[in-house]
Amino acid sequence: MSEGELKGLTKTKAGEAKAQSQVRVLYGVHSLEATLAGRTVADVRQALRQALNISPQAVAILDGLEVEESAILVAGQQLEFVRLAGEKG
Amino acid sequence: MMPDRLDITLIGIGGIGCALAPFLARYLQSERQVTTEDVRITLVDGDDFESKNAARQSFETLGNKAKVKASELARNFPGLSLRAVPEFVTPANLPHLVKPGDLVFLAVDNHATRGMISRHCEGLSDVVLISGGNDLTDGNVQVYVRRDGRDITLPLTRFHPEIADPKDKSPAEMSCEELAVASAPQLLFMNLSVASAMLNAFYAWRAGRLSYGEAYVDIMEGRVQPVARAPRHGESGR
């Protein structure tokens, strides 16, 4: 196996490992995937609060079920902070 | 297979409702040429159109919004059956306005009314409730579908404490002074985006391909994000 092939394989393996620890996070129109497995919902809310302007009132749901802030994320899950509904019309 | 009769109720003829109504009517009239479906549209709003609303709302004359808009639509789309209910929604008139089998477009400007109507729909065997709301440059659409007495998607109140336990009041509960207070600024383009998203959800439902229960819209980001809102194992799905 050439050095180039080895590098490519290492890169792929590293990519797979990263993908295996990724969690999808949604808030309103925003979505991102990040290496968050093992973190709590509260950790993620705090980390993204300013960047996404997440409301403290936003309910956290993990794979469609409402969860406590202490819930620990598992790779492959989807965490959504439910953006408050638009009020006017 | 769609029913032979479709009763559609549009509640709230403000910025979103004004943007939605003519396109809904045009679509339904054109559909009538290829189906035998009997469509009846009921417009509900207790508010009067005033010239100060003209930046976002289109009415040919001053007067009650439901009556004026129903009259306009009846003239432009003679193949449709239209009626107006010039009232705000209250617990007393709600059972007469939203009945089993109805399809409801909810385009009001307060969470109190959204919560009241969603809870009412939870008690109906079959209903489709498509609700839209916006702030200045973003908003959302929620689609609550019940079929054969079970939730297919989740009620508007689920995951939305601001609707389940609203801090605002419905217009029927407000004093004249409260009604006169200027509300938060809105943008016509945002009303239009939410109206369009509501009609898109309607079309997807009619096509049997509705795959989401909520969609977020942000015109500054140029994005729409649909999200599933299905009852999960262990939830009532009543």
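Which residues of α1(B) are buried? In this predicted model, local features need pLDDT of at least 70 and side-chain atom pairs count only at pLDDT 80 or more, while totals for chains, interfaces and linings use all residues. Residues are numbered from 1 along each chain as its sequence is written, and chains are lettered from A and ligands numbered from 1 in the order in which they are written.

The buried residues of α1(B) are B:Gly15, B:Ile16, B:Gly17, B:Cys18, B:Ala19, B:Leu20, B:Ala21, B:Leu24, B:Ala25 and B:Leu28. Here a residue is buried if 20 or more other C-beta atoms lie within 10 Å of its own, exposed if 12 or fewer, and partly exposed in between, with C-beta atoms placed from the backbone. Helices (H or I, at least four residues) and strands (E, at least two) are DSSP runs, numbered from the N terminus. The buried residues of α1(B) pack against β1, β2 (38–44), α2 (65–76), β6, β7 and α7 of chain B; contact means that C-beta atoms, placed from the backbone, lie within 7 Å. The end C-alpha atoms of α1(B) are 27 Å apart, which agrees with the 26 Å that its 18 residues should span at 1.5 Å a residue (the expected span is 1.5 Å times one less than the number of residues).

Just after α7(B), B:Gly208 takes a positive phi of about 70 degrees.

Strand β6(B), residues 103–106, is covered on both faces, with B:Leu103 and B:Phe105 buried on one side and B:Val104 and B:Leu106 on the other. Strands count as paired if DSSP finds at least two bridges between them. Four bridges link β6(B) in the parallel sense to β1(B), residues 5–11, where B:Thr9 has B:Val104 as its bridge partner. Another four join β6(B) to the parallel strand β7(B), residues 127–134, and there B:Leu103 is partnered by B:Val128.

The largest nonpolar core has 59 residues, and B:Leu10, B:Leu20, B:Val104, B:Ile130 and B:Met198 have the most contacts inside it. Such a core is a set of buried Ala, Val, Leu, Ile, Met, Phe, Trp, Tyr and Cys residues joined through C-beta atoms within 7 Å. Its largest share, eight residues, comes from α1(B). A second, separate core of 15 residues includes A:Tyr27, A:Val41, A:Ala60 and A:Ile61.

Chain A holds an open sheet of five strands with mixed pairing, in the order β2-β1-β5-β3-β4. Its edge strands, β2 (30–35) and β4 (65–66), each pair on one side only. Six bridges connect β2(A) with β1(A), residues 22–27, in the antiparallel sense, and A:Val23 stands opposite A:Ala34.

Two loop residues of chain A deserve a mention. A:Asn53, between α2 (41–52) and β3 (60–62), has a positive phi near 55 degrees although other than glycine. A:Asn53 counts as exposed because it has 11 C-beta neighbours inside 10 Å. A:Asp63, in the loop between β3 and β4, is likewise not a glycine and has a positive phi of about 50 degrees; with 13 C-beta neighbours inside 10 Å, A:Asp63 counts as partly exposed.

Notes: Contact = placed C-beta atoms within 7 Å.
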